[in-house]
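Reader: I'd like to walk through this model feature by feature. Could you give me the general idea each time, and then the case at hand?

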Amino acid sequence: MVDLTKYRNIGIFAHVDAGKTTTTERILKLTGEIHKTGEVHDGEATTDFMEQEQERGITIQSAATTCTWDDHRLNIIDTPGHVDFTVEVYRSLKVLDGGVGVFCASGGVEPQSETNWRYANESEVARVIFVNKMDRVGADFLRVVDQIENVLAANPLVMTLPIGVEDDFIGVVDLLTEKAWIWDDVKSPENYRIADVPADMVDDVSMWRDKLIEMAVEQDDDLMEKYLDGEEIAIDDIKRCIRKGTISLDFFPTLCGSAFKNKGVQLVMDAVVDYLPNPMEVKPQPETDDEGEETGEFAIVDPERPLRALAFKIMDDRFGALTFIRIYSGKMAKGMSILNSFTGKTERIGRMVEMHADSREEINEAQAGDIIAIVGMKNVQTGHTLCDPDNPATLEPMVFPEPVISIAVSPKDKSSVEKMGIAIGKMIAEDPSFKVETDDDSGETIIKGMGELHLDIKVDILKRTYGVELEVGKPQVAYRETITQLIEDSYTHKKQSGGSGQFGKIDYIIEPSEQNAGFVFESKVVGGNVPKEFFPAIEKGFKIMLAEGVLAGYPVLDVKVTLNDGAFHAVDSSAIAFELAAKGAYRQSMSKAGPQILEPVMNVDVFTPDDHVGDVIGDLNRRRGMIKSQEAGATGVRIKADVPLSEMFGYIGHLRTMTSGRGQFSMEFAHYAACPNSVAEDVIAEAKERKANK
């Protein structure tokens, strides 16, 4: 029987280039999983095993790996930092019990750190913080601690202080033990010595240690009294309080170091074991009904209970299709049958493997708390629940963001057509934020994603991994439509020439609903002029039509339809007649309700050196951007703005030119907003041209 208190399921997440993957490499080296450390900038990191990751030095897929530290089993997921791949962070956090948030000591709290932190807060994941790259120019540990408080509204609990900074960074002081860990410059994390606190740091260490103990003992009234009475608190008691406060998200143990220079990673590992929860210490996953509503039942982490597991990632590699799953309760063994509660079908488990980045180890069974992969499952997709066929249940599903950008792709030759179909099928299974549809008239394949880089990577994978030769169109923005006015109208659908007829009359109001309310349908019919059984058909008719707006054929958002009155015929009225009446009503009334084109607006976060701030702001203004804030940092200025997506294509090249290659930016979808007339006219004209060409 495995001791679940010795399990830690953790994710490592951060902004692009803060050092997540390097930190993971050092952990694998320290735990003996790998013997040669691979570097991200050389394209040799263990968890970055896609060609595209190795070339660009970024993580695209989350990679899972298992290792052991201090007699504890760690299941670690290294997640991407780039905003276009946040779906990977989101779904990883969904199945983890704790996390390590990595921040760059010179860059501080960067845009993607905020998004990831928000996701982790929503998932209620306990975290420790590692301020990495203390050897970098501009590194400032306490400035980052301050940003964590002010930008993330989090409560950092400082556990270590750096000894020296930038080129002089040699180690850290552990505030609990009041000992200095000093590493030599040999490229090995094991080469350190423990010494007394440097004389020039004694006062600082004493001050920060007092702060640490004060914050920790707030978790225990008896210890708080002892501390206020001047008694010395035992280190084990302090650790117990820190663990309690970390798990309840009252504060976040904060450490520093340099993963690349092999300094400080051991203390992060110790903090993971000492302060992050085991699978039994986190809130159990809620079970839901067919509609996604919670039933009040929970998947309690216990190997003796019925099987409950969640598929959180599908990956296709050289060994075949892999389904990553987190087991919440029960056991899973090779050869057993399990039920997919989403499809209602049972599948037999063939091979089960434990992942060590891109290599694997065959296992015969797994149990509650484990993160494993199953080879060759056929009908399982991300978010599906796998459970005991005799005791079915569904776990809370995952919700993924809608794509905001699309491009048309078409195979260059006939041999690529079939290859592309198979490849796209696999890619959709792997990435739920990647959508594909076929334009019926032109026959073009439209791929949709979260940003330019997202689609750029997908095209690259199609070309190189699957050998599909492609023609690629220009990026297209996912516009939407809405209405601005209330219109009261009436429509009668009548077809009564011979045989059984069709009749349905509806009196209705079409008006804008609240922002983000979607489609709202309400009936105020009294007296049975329209029988209740026809209401769903009327709602369905309007809902189907909202997929195509009257201006440019884009989906329509935020519309409310109120059914006031109507009439029916005892013989000729039917659900289909009232559905057709609703469709006719939509065509008749939408153009009178002040239709309007909406465009996606992005949260844009730009970092620029001081001497280019004016150029960057001027350029964002020309792109119809609304500047929201400017924040001066040690090495430059961060500018936050809302900018329409249509103005941001190719921005990275432009920004680099303006800032002599030193500018960076990230963006994520914020909301839809009304287009200016000039832009709307172009969008409508383009839509008409597309229609004419078909």
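Reader: In which sense do strand 33 and strand 34 pair, and over how many bridges?

Author: A bit of background before that. This is a predicted model, where local features need pLDDT of at least 70, side-chain atom pairs count only at pLDDT 80 or more, and totals for chains, interfaces and linings use all residues. Residues are numbered from 1 along each chain as its sequence is written, and side-chain values use heavy atoms, with hydrogens and water left out. Helices (H or I, at least four residues) and strands (E, at least two) are DSSP runs, numbered from the N terminus. Two strands pair if DSSP finds at least two bridges between them. Here, strand 33 (residues 519–523) and strand 34 (residues 559–567) are parallel, with 5 bridges. One to look up is Ser-523, whose bridge partner in strand 34 is Leu-563.

Reader: What is the hand of the β-α-β crossover from strand 33 to strand 34?

Author: Point the strands away from you: if the path from the first strand over the helix to the second runs clockwise, the crossover is right-handed. In this case the chain passes through helix 12 (residues 535–545), and the crossover is left-handed.

Reader: Where is Leu-249, and is it buried or partly exposed?

Author: Leu-249 lies in the loop between helix 8 and strand 11 (252–256). Its relative accessible area is 26%, so it counts as partly exposed. Its phi is positive too, near 65 degrees, and it isn't a glycine.

Reader: And why does Thr-246 count as buried?

Author: Because its relative accessibility is 0%. Thr-246 belongs to helix 8. Contact means heavy atoms within 4.5 Å, and leaving out residues up to four places away in sequence, Thr-246 touches Ala-126, Arg-127, Phe-251, Pro-253, Tyr-275 and Leu-276. Tyr-275 is itself one of the buried residues of helix 9. That helix (residues 265–275) is mostly covered, with 9 of its 11 residues buried.

Reader: Which residues of helix 6 are buried?

Author: Val-205, Trp-208, Arg-209, Leu-212, Ile-213, Ala-216 and Val-217. They lie on the same side of helix 6, because their arc around the axis is only 160 degrees; the arc is that of the directions from the helix axis to the C-beta atoms. Their cover includes helix 5 (141–150), helix 7 (221–228) and helix 8 (235–247), along with strand 6 (156–158), strand 7 (160–163) and strand 8 (171–174).

Reader: What order do the 3 strands of the open sheet take?

Author: The order is 13-12-24, with antiparallel pairing. Strand 13 (294–299) and strand 24 (394–395) are the edge strands, each pairing on one side only. Strand 12 (residues 285–288) is joined to strand 13 by 3 bridges, and Gln-285 has Ala-299 as its bridge partner in strand 13.

Reader: Zooming out, how many helices and strands does the protein have?

Author: There are 16 helices and 38 strands. Of the 694 residues, 55% count as buried. Among contacts between residues at least 6 apart in sequence, 72% join residues at least 24 apart.

How values were computed. Buried means under 20% relative accessible area, exposed over 50%, partly exposed in between (1.4 Å probe, protein chains only).
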